[in-house]
Amino acid sequence: MRVLHLWSKLAGTCLAPEDSLWAMAAEAERLEPEAAAPEDAAGEAADAVDGKPGDPRLLLGNRLNLHLYPRGCHRLLHLCARRAPQLREVEFLQLSGHEDPRLLEATLAQVPANLQYLRSLVLRGGRQQDVLGACSRGFLTTLPAGLSALARLAHLDLSFNSLETLPACVPQMRGLSTLLLSYNCLSELPDSLGALPSLSFLSVSHNCLQTLPPTLGSLSALQRLDLSENLLDTLPPEIGDLSSLTELNLASNRLRGLPVSLVGLRSLRFLILHSNLLTSVPSGLAHLPLLARLDLRDNQLRDVPPELLDAPFVRLQGNPLGKALPASHSAPETPVTLEMPRLFLNSDLDSFLVTPQGCLVTLACGVRLRFPAGATADPVNIHYRLRLPEPHLVPLGPHDALLSAVLELRPHGVAFQQEVGLWLLFVPPRARRCREVVVRTVSDDSWSDLETHLEEEAPKRLWAHCQVPHFSWFLVVSRPVSNTCLVPPEGTLLCSSGHPGVKVTFPPGATDEPRHVRMQVVHMASRELRALLEEPGAAASPLLCLSQRGTSSFLQPVTVQLPLPPGVTGLSLDCARLHLLYWAPPEAAWDDITAQAALEITHLYARFRVTHFSWYWLWHTTKSCVQGLARKAWERLRLHQVNLIALQRRRDPEQVLLQCLPCRRVDATLQRLRDRYRGPEPSDTVEMFEGENFFAAFEKGIDADADRPDCVEGRICFVFYSHLKNVKEVYVTTALDRQAQAVRGQVSFYRGAVPEEVPEEAAAARQRKGADPLWMATLPIKLPRLRGSQGPEQGRGASLSLAPLNLGDAETGFLTQSNLLNVAGRLGTDWPAVALHLGMPYRELQRIRHEFRDDLDGQIRHMLFSWADRQAGQPGAVGLLVQALEQSDRLDIAEEVRAILELGRQKYKDNIQRASLTPRDLALSEPSASQSPESAQA
């Protein structure tokens, strides 16, 4: 704020521009202006460009990347103040949209004067996430007018921000070829937008557009136009004047009809119109000469022209084709009520449109929704995402178990006028005695359980059905049976449905206002307690958990009844062996409150009085000190016996499968994987809690060759859930020479999140003392020796055998299996568009969808790796992939692939040097530096 204050003051002073800039930069870092001496400017500017020690360089070639750094605007202000000569070379600038908006505007005002050759400006938000993992919009709401002076600017990205109107300077940037405005709050586009003669790509998806300006048809150079996820109900006829348009995306709007002028788009190749309200389409679309895909899914089409019905490039699923309108016996002026449509979403769709008419929706992941008629007053675009469980997304109680992935439905918090039916698939729980399955959701920043009904379609296909008033995050959990009641001032009785002998009596006057209370009961087998205490006669009652909304104590004592431990009656009871244990979360220890509680013993029950709720447990044992034993017994209730496995794929030993399995499932899993994988026997039995963090670290020369979100400094992070597949496949590599001999390494598993320091080898972890050692298990991994021709008549280059690389060549760089796997993991629902741009036939896409119809990740991997196999050894394959990513509007992945290519080239050189090739041989394997690009490609 002081920077902004100072800027407003300096604007009215007589300071020279460079002096004002120096003062701004000094104030931004809370320095005195005279502290930044001009004679030290050169050295300090170099430090600012290089960043702090250990940080990546801010300036890489002609790119200035400040979006990943805190206080990026302050860094840029310092560079401008010190007139760093490197700024003259900058053509690509990235800043975060999460900076203070006024500071960001003041910083951008310095850009035209200091970055005169700027070609690309990225001011994206969406780089931060809220507590539930959803992307947060940036704070950018406008741009300074001076940015229109950037004469060379061709690429402007303002996505994931808070723009309500298009900044006035944008239509004045005559050289713009790419304008990205997705995920903002734009309700309209100005007429002046048509004055951009060079604009070839415009993306305004996920906004609030209701109309389009007629001047949009003046963009004669426009090739790609994305208007999906808006509120458009009509299109201007001038849209047919876009003579260069090749891709038009209007999915998830409210269109009921199309202008006939669309048939004049002779260059159009892709027309996406799914999830609208279309009742008819122009027949002339079938005659567009270059049209390769016309997506009309999930509309209201009952009849289409015959030319479109038989065309192979048309997709019509989810339309009521051939169905007549329902007969209406009302007055002619009464509108006809349409039947509720049914939508079946494929894996390449992550949204659908819901109208006041309602609909039945089946998502690709198996989730079903029913929107009754009148649930929404206006059409609403619904987005969904199925996420892997993460600790911050999975709130579990001490005795809960997760049974499903986490489903996100957006928009969050939008209340429906009628409740929406939701059916979630879940894994059948092992134990069902005294347990129940519920759907858990978040509302107002707190998690709660919904009333849930179970429906069984097959023995292993179960649905959890609930009614939801609004959308948020949803997951299915198994919990101990819960009984709740509303306690009035007159008092009441609460009984457990799982254990009839457990009761709580609320006398009159226990509360002065109604309050909600909940009871849960957990059973522990007597044999487990006897084994823990090493006492044949030990026994325990069910564990009772009482909770309430609020923390205030009851005004009158509440009577709690627990059954006596099994085998114990009031006639044979030795009161000296009876212990009432008490635990108040989040305390770590159990307390023996037998002496403080006045126990009333009957033939079968024990009663006592309390004024506030917590956990209670009744033990019968000869042990005199049971607090520590109670803690161990309670932990035993929650522990799972598991084994850890590490298997290598037979055809590709560098691909390692890591999995944590409950003991009962190990044999069946290994039997299923035996044909494709091989490896050591599973680890010894390890005990783990539900939701416990652990990680795998590769050791003895083996490293994880992966850049993935769950990989921290080469260590793979896991979260254990007893009913889910805790499995990950990782590509490994080694810096050791595999030409001479095989590399024998290992993978070790450690408890907890990845710490700052981890023992280099598992032996160091084994030496740790304590009840909870870090190390759990170590399993061997072997990378076989790389074999090649060893005959003396073969030259060194002929005998060289390097690890196989999936894609690329020495000139353009390589993409390894790990790189392609990382690309596949980020494509998501955009993979069909990428496949089409890669030249894959539409029929093959349909085959992949059918073979992997319940597995989105399988669809993506199969598409990408099958294409890579066909491209092996072909020149220009990597460039083709980058181009397809750009054409599919995945510029983020395309940029990362470019960064990987340089690393691939460096790895290639390192491998050749380790193989002892002479510099002359190395020069022969690469294009000469003196050759021109044209001669090198020839």
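Which residues in α15 meet which residues in α16? Here are my notes, with that one answered in point 3.

1. **Ground rules.** What you're looking at is a predicted model, where local features need pLDDT of at least 70, side-chain atom pairs count only at pLDDT 80 or more, and totals for chains, interfaces and linings use all residues. Residues are numbered from 1 along each chain as its sequence is written, and side-chain values use heavy atoms, leaving out hydrogens and water.

2. **The whole chain.** The protein has 20 helices and 50 strands; these are DSSP runs, H or I of at least four residues for helices and E of at least two for strands, numbered from the N terminus. Of its 938 residues, 49% count as buried (buried is under 20% relative accessible area, exposed is over 50%, partly exposed is in between, with a 1.4 Å probe and protein chains only). Take the contacts (heavy atoms within 4.5 Å) with a separation of 6 or more: residues 24 or more positions apart account for 60% of them.

3. **α15 against α16.** Back to the opening question: Glu844, Arg847, Ile848 and Arg849 of α15 meet Gln859, His862, Met863, Ser866 and Arg870 of α16. Sorted by class, that's two nonpolar, three polar and four charged residues (nonpolar: Ala, Val, Leu, Ile, Met, Phe, Trp, Tyr, Cys and Pro; charged: Asp, Glu, Lys and Arg; polar: the others, Gly among them). Helix α15 covers residues 842-851 and α16 covers 856-871; they pack at about 135°, axes 9 Å apart. Axes are lines fitted to C-alpha atoms, for helices over the stretch in contact, and angles run from 0 to 180 degrees between N-to-C directions. The pair is therefore oblique (under 35 degrees is roughly parallel, over 145 roughly antiparallel, 65 to 115 roughly perpendicular, and the rest oblique). Their crossing is right-handed, meaning the near helix is turned clockwise from the far one by less than a right angle, with anticlockwise being left-handed.

4. **α16 against α17.** Now follow α16 to helix α17 (residues 877-887): the angle is about 145° and the axes are 10 Å apart. This crossing is right-handed too. Leu864, Trp867 and Gln871 of α16 touch Ala877, Leu880 and Leu881 of α17. By class, you get five nonpolar, one polar and no charged residues.

5. **Asn726.** Have a look at Asn726 in strand β46 (residues 726-734). Is Asn726 buried or exposed? It counts as buried, at 5% relative accessibility. Its side chain makes polar contacts (N or O pairs within 3.5 Å; within protein, one atom must be able to donate a hydrogen and the other to accept it, and residues adjacent in sequence count only if both atoms are side-chain atoms). One is with the backbone oxygen of Tyr721 at 3.0 Å, and another is with the backbone oxygen of Leu724 at 3.3 Å. Leaving aside neighbours within four places in sequence, the residues in contact with Asn726 include Leu658, Cys660 and Phe718.

6. **Ser478.** Strand β25 (residues 473-480) holds Ser478, which is buried at 2% relative accessibility. Not counting residues up to four places away in sequence, Ser478 touches His399, Asp400 and Arg435, among others.

7. **Asp830.** This residue is in the loop between α13 (817-827) and α14 (831-837), and it's partly exposed at 29%. Asp830 and Ser888 are 58 residues apart in sequence, yet 7.3 Å apart in space, C-alpha to C-alpha.

8. **Helix α5.** At its N-terminal end, α5 is capped by Asp100, with a side-chain oxygen 3.1 Å from the backbone nitrogen of Arg102. The buried residues of α5 (residues 101-108) are Leu103, Leu104, Ala106, Thr107 and Leu108.
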